[in-house]
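Me: I would like to learn how to read a protein model feature by feature. Could we go through one together, with the general idea placed before each case?

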Amino acid sequence: MVPAGVLPEGRAVAVDLRTRLGQVELPNPIMTASGCAGAGRELAQFMDVSKIGAIVTKSVMLGPRAGRPTPRMAETPSGMLNSIGLQGPGIDAFLQRDLPWLLSRGARAVVSIAGGTVGEYADLAGRLSDAAGVTAIEANISCPNVEHRGQVFACNPDSAAAVIEAVRSRARFDIPVFAKLSPDVTDIVTIAKACVSAGADGLSMINTLLGMVIDTDTLRPRLAGLTGGLSGPAIRPVAVRCIWQVTEALPGVPIIGMGGVATGRDALELILAGASMVSVGTTIFHDPSACGRILRELEEELIARGIERLADVVGLAHDAHAMTGRAPSPNARVRRT
Ligand code: RRO
């Protein structure tokens, strides 16, 4: 077995954690989730950003944007609502300041992009392809905090496909394009299929769920933007369900799983459902070194189960599910206790 690198604290890994982000190999599957660590700089004082699989940036738009009015965060039971509204410096500042910083630190940069039109997404993909060093593009077609639901491209298979086709055709051939999907749809498999048919190299799921909190003291909505995206442990079962359904329908399509991952065991759950990479989001707000910890915990969870290669457990729960009709994966060396 080939050891696949070192953990953020410097210890060599004992499990082969390598995974594939489309055509790109990563040393391990743990990434930040878009929107939860800016462009990575905030985390540098807590961990070595080059030691996790990748930094996924806050969604970048063509121009700078102030976002929605405050308050735009609210705590909920086992979760959090955000109503940020795509705040960011825009692509010029990102390319001048943030991308060079990530590359100078040896981090792999997965750049999340968002636009109001298909053309804006395509222009962003073109700008990123002209710059050196972008590991992958995550096309965020599912931000819930937009003016109206018609702007959530991931709620309609034709709109989703139009964005992904445009991004894929403008992105450099060696940059994988992932489509970030919303769980707030009747059938996520239909959207996933539309994105893959349009050229997506993989899928990211899930974005936040649209929610709302009313303050019973002020008798008014807590968020200035009224609604917001729900994240945190409360949504993990939704993420597991979405990843499971899409893996059943599209086996082999790479999936970056995210939604309420706070421990290595949580990450393993998404991997068993079919994710080959896992993004860590809301947990970072109270534990900024969470990605390194979760990577270490994931490795320990695999060792405890006698698993030598991460690749052997990606989607493994599907084998168990179908055990009556199908033998377990021959590669899986799982001690079922
Ligand atoms: O910026 C946001 O308000 C935001 C985005 Br782009 C997203 O994709 N998901 C989310 O919960 N918030």
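Me: Is Ser78 buried or exposed?

Reply: Buried means under 20% relative accessible area, exposed means over 50%, and partly exposed lies in between, with a 1.4 Å probe and protein chains only. Ser78 counts as exposed because its relative accessibility is 51%. Ser78 is found in the loop between β5 and β6, and its phi is near 55°, a positive value in a residue other than glycine. Please keep in mind that this is a predicted model, in which local features need pLDDT of at least 70 and side-chain atom pairs count only at pLDDT 80 or more, while totals for chains, interfaces and linings use all residues. Residues are numbered from 1 along each chain as its sequence is written, and side-chain values use heavy atoms, with hydrogens and water left out.

Me: Where does Leu219 lie, and what is its phi?

Reply: Leu219 lies in the loop between β12 and β13, and its phi is positive, about 65°, although Leu219 is not a glycine. Leu219 is exposed, because its relative accessible area is 58%.

Me: What do names such as β5 stand for, and which strands form the open sheet that holds β5?

Reply: Helices (H or I, at least four residues) and strands (E, at least two) are DSSP runs, numbered from the N terminus, and two strands pair if DSSP finds at least two bridges between them. Here 4 strands form an open sheet in the order β5-β6-β14-β11, with antiparallel pairing. Its edge strands are β5 (73–76) and β11 (209–212), each of which pairs on one side only. Between β11 and β14 (residues 227–231) there are 4 bridges, and the bridge partner of Met212 in β14 is Thr227.

Me: In what order do the strands of the parallel sheet run?

Reply: That open sheet has 8 strands in the order β3-β16-β15-β10-β9-β8-β7-β4, and its edge strands are β3 (30–32) and β4 (55–56). Within the sheet, β8 (residues 134–140) and β9 run parallel and are joined by 4 bridges, with Glu138 opposite Phe178 in β9.

Me: How do α3 and α4 cross?

Reply: Axes are lines fitted to C-alpha atoms, for helices over the stretch in contact, and angles run from 0 to 180 degrees between N-to-C directions. The axes of α3 (residues 157–170) and α4 (residues 188–197) come within 8 Å and cross at roughly 30°. That makes α3 roughly parallel to α4, given that angles under 35 degrees count as roughly parallel, over 145 as roughly antiparallel, 65 to 115 as roughly perpendicular and the rest as oblique.

Me: Which residues of α3 and α4 meet?

Reply: Contact means heavy atoms within 4.5 Å. Pro157, Ala160, Ala161 and Ile164 in α3 meet Thr190, Ile191, Ala194 and Cys195 in α4.

Me: Which residues does Arg236 touch?

Reply: Leaving out residues up to four places away in sequence, Arg236 touches Gly259, Gly260, Asp266, Glu269 and Leu270. Arg236 is found in α5 (residues 236–249), and it is buried, with a relative accessible area of 19%.
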